[in-house]
Structures are given as C-alpha cells and as structure tokens.
Amino acid sequence: MASIYLHIPFCEHKCIYCDFYSIENMSSMDRFLASLEKEIILRSRTLPGNETIESVFFGGGTPSLLSAKQFEKIFSLLQKNYRIEPDAEITCESNPGTVELNKLGEFRSAGFNRISFGIQSFHDDDLKFLTRIHSAGEAERAIESAYKAGFTNVSCDLIFALPGQTPERWKENLRRAVALKPKHISAYALIVEEQTPLAVMVKDRVVAPLTDEKDAELYEITIETMTANGYKQYEVSNFAQPGFLSRHNFNYWNHSNYIGFGPSAHSFCKDSSTSGKRWWNVRSIQSYCESLEKGEFPAAGSEVIDKNKFLTEEIFLGLRSTGIDLKKLYLLYGENVFSIKRAMLSEMEQEGICTRQNNIISLTSRGYAVCDEVAAKLIL
Ligand code: SF4
C-alpha cells in the first residue's frame, strides 16, 4: 500500500531554525492550489493501477492555513484519481496559532482523522526564541479543541536540545505533553540547519548549541519518560501509544511507494522488489506553478535506486524504525547477505545495542542513541 504527501508551502512566519520550503507571502495561494490540482491529475498514473493509498499527509509549511473548503476540493480530486482506502490515515500538520475549535471541527468533517500539532515547547520563552507564532497556552488549548472537535488520533511534535536547555526544563515539557494524552509524540533534537537565521546566530556566537553529552542526556530522559508513560518507541524520534504509530511515517521507513505533491516534495516508486526511483520537485512556488501551467511535471531531479542502494536503505531505514527483517533480506538478497557481519551483530547484541527476535534485528533504546554509527557499521 502507498502514501500520498502534499506540501503546503506557506507559513505565517518563518521560524529561525526551519529549512523546510515555505514562504510567508500568501498572495500566490490560489495559483498554487490550481497547480497542485493539476499535479494530482498529472501524476494519477504514477502508481501501479491496483495499488491503494493507506495514508494521506498534508505537511509543510503550514497546511492548517487552508480552509476546510479548500481541503474538500483536494480530497475530492484525490478520490477521483487514486484508490484511497476507506480507512486511510488522513493527517493535517497544524500550527496551534492557526486553528480554533470551529476550524478543527470543519477539518474533521472534511475527512481528516489525525492531527499533528507543532508544539515544540511548553515554555513561552523557548517559543519566543524559536520565533513560533503561538504561546504554550494556545498549544494546550489547540489540543483540547482538537479532542472537542472529534479527533481521537492527536500527535504532537516537540524539540529538545535548545541552547541552554536544562534537564528540568525538558522534563517539564514532556510532563505537560504527556498530560494532554496525545496518542503520538515526536521529539526531535534541534538541528542547526545551514542558511537559517539560527545558523547565523550560532556562527556569530549569539547562541551556543548544546554539547553532544547534554543532547544525549535529554534524549535519554525522553526515552525514559515516554516508556514510563506507555509510549512505545518505534523510531529514533517517534513514540506512540499501542495501535497509533504513524502509518505514513511507517510507510516511508518500510520502502513503500509514495507520491509527493507540491514544491520540494519527494516521491519514491519501486520498479521491482529491490529497485526503484526517487524524484523531487522544484523548491520554488513560481517554478512549480510555471511547469504545471505548461502541463509539465515540476520535478527538479531524480535518482535511480539500484539493488545495492536499495539494500543500504533497507538496513538504514529498518534500523531507524522497527528493525531489519532478516527473512525479507534473505529472500531478496540470499542467505549470505549478512555473513561477514554476523560476529559484529552478535557483539552488538551482547552489548545491549540491538536484539534479535523472530529474525528481526532491532535497536534497543541504547541502540537508537547510536543509530547512525550502527548503520554505518552494518552497511555493506
Ligand atoms: S511553522 Fe513549521 S514549516 Fe513553518 S517555518 Fe515554522 S517550523 Fe517551518
């Protein structure tokens, strides 16, 4: 089963740390939506004819800036052109500063059954530093309103390792998040992305990133707190109550097909069980609209995923998430695929970095903290 991602490239204000493609000027919204509709139709033959869609995810940018009516139009076009499963997961990423009870009710009626809030912190001074447009109180009210509007599957995103963040302040964030009972929590370490205002602040020594040791300490606190509160870690940064892991994320990590619409969106389609193609759209609304207005695909580049690259990704994606399925790898690549790494795997098991159950090698909490190093060792 496949997924659809739609990138809505508008934000009320650009946060200092963000390198996702979005613009603050919304004057091209109508032109963008008309182009998005064209792309949805143009791509309708991308997936194998009988493949169904089990998740639709609106990300960005700030999708919650759109109205329910605008979403309804997009949904009806998706329904006409793709085989959407009746119980598909339909997620809207939302900024708490852009929604209130009525709008959330309309989103629910329009067809969304999952909502993911970018909360980031429950401390107003953190939010001010990150230049978020909402307060901690607004974030809490947005989640309460989502429940009142009928959403039962609510997710919230948090950021840790902010400059100067202490374990106590991070614990307080986790405590307040858990108290709101979201089914899913994503906790990402702050990354200083190049060409963001935050990168300039770091370069000018206005702020200092947290040390790796302190970052690791906060990550450990995250895993302990989430586990103690019934959330299962199913990826490096993602935690879910039983039955609420994000199907959309899971499909990405499982090498399922996905089509991304909108500027900067990425897509992936297999052409065999061990190879495929990845492509990505232009990172400019202007170029995106110009291409589609001429009836052309707005792709900026593509990459062939051959058998070796596919295997590397299987290992990397599997380790990051729910584990490497050895049975699947043996079937695809033969029983010798891990022969030269067997000793290394046993060593990692003994050190408590990974476990092996029913032919699935998965990282332990300790292992998730060193996921990249483990992947580098295992990649053939
Ligand atoms: S609201 Fe989200 S997408 Fe928009 S600038 Fe901030 S972090 Fe980036």
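Me: Which residue in S15 stands opposite Thr 355?
Reply: Thr 355 stands opposite Ser 362. Before going on, note that this is a predicted model, in which local features need pLDDT of at least 70, side-chain atom pairs count only at pLDDT 80 or more, and totals for chains, interfaces and linings use all residues. Residues are numbered from 1 along each chain as its sequence is written.

Me: Why are S13 and S14 called edge strands?
Reply: The open sheet has three strands in the order S13-S15-S14, with antiparallel pairing. Strand S13 (324–325) and strand S14 (354–357) each pair on one side only.

Me: How do you know that S5 pairs with S4 and with S6?
Reply: Strand S4 (residues 114–120) and S5 share five bridges in the parallel sense, and Gln 120 has Leu 158 in S5 as its bridge partner. S5 and strand S6 (residues 184–189) share six bridges, also parallel; there, Asp 157 is partnered by Ser 186. Strands of a sheet pair through backbone hydrogen bonds, either parallel or antiparallel.

Me: Why does Gln 165 count as buried?
Reply: A residue is buried if 20 or more other C-beta atoms, placed from the backbone, lie within 10 Å of its own, exposed if 12 or fewer, and partly exposed in between. Gln 165 has 20 such neighbours, so it counts as buried. Gln 165 is in the loop between S5 and H6. Strand S5 (residues 154–160) has six of its seven residues buried.

Me: What does Gln 165 touch, not counting residues up to four places away in sequence?
Reply: Gln 165 touches Phe 160, Trp 170, Leu 210 and Leu 218. Contact means that the C-beta atoms, placed from the backbone, lie within 7 Å.

Me: Why does Lys 328 count as partly exposed?
Reply: Lys 328 has 15 C-beta neighbours inside 10 Å, so it counts as partly exposed. Lys 328 lies in helix H12 (residues 326–333).

Me: What makes H6 roughly parallel to H8?
Reply: The axes of helix H6 (residues 167–179) and helix H8 (residues 212–228) come within 10 Å and cross at roughly 30 degrees. That angle makes H6 roughly parallel to H8. The cut-offs are under 35 degrees for roughly parallel, over 145 for roughly antiparallel, 65 to 115 for roughly perpendicular, and oblique for the rest. Axes are lines fitted to C-alpha atoms, for helices over the stretch in contact, and angles run from 0 to 180 degrees between N-to-C directions.

Me: Which residues of H6 and H8 meet?
Reply: Pro 167, Trp 170, Lys 171 and Leu 174 in H6 meet Glu 217, Leu 218, Ile 221, Thr 222 and Thr 225 in H8.

Me: Why is H2 roughly parallel to H3?
Reply: Helix H2 (residues 68–81) and helix H3 (residues 101–110) pack at about 15 degrees, with axes 9 Å apart. That angle makes H2 roughly parallel to H3.

Notes:
Helices (H or I, at least four residues) and strands (E, at least two) are DSSP runs, numbered from the N terminus. Two residues are in contact if their C-beta atoms, placed from the backbone, lie within 7 Å. Two strands pair if DSSP finds at least two bridges between them.
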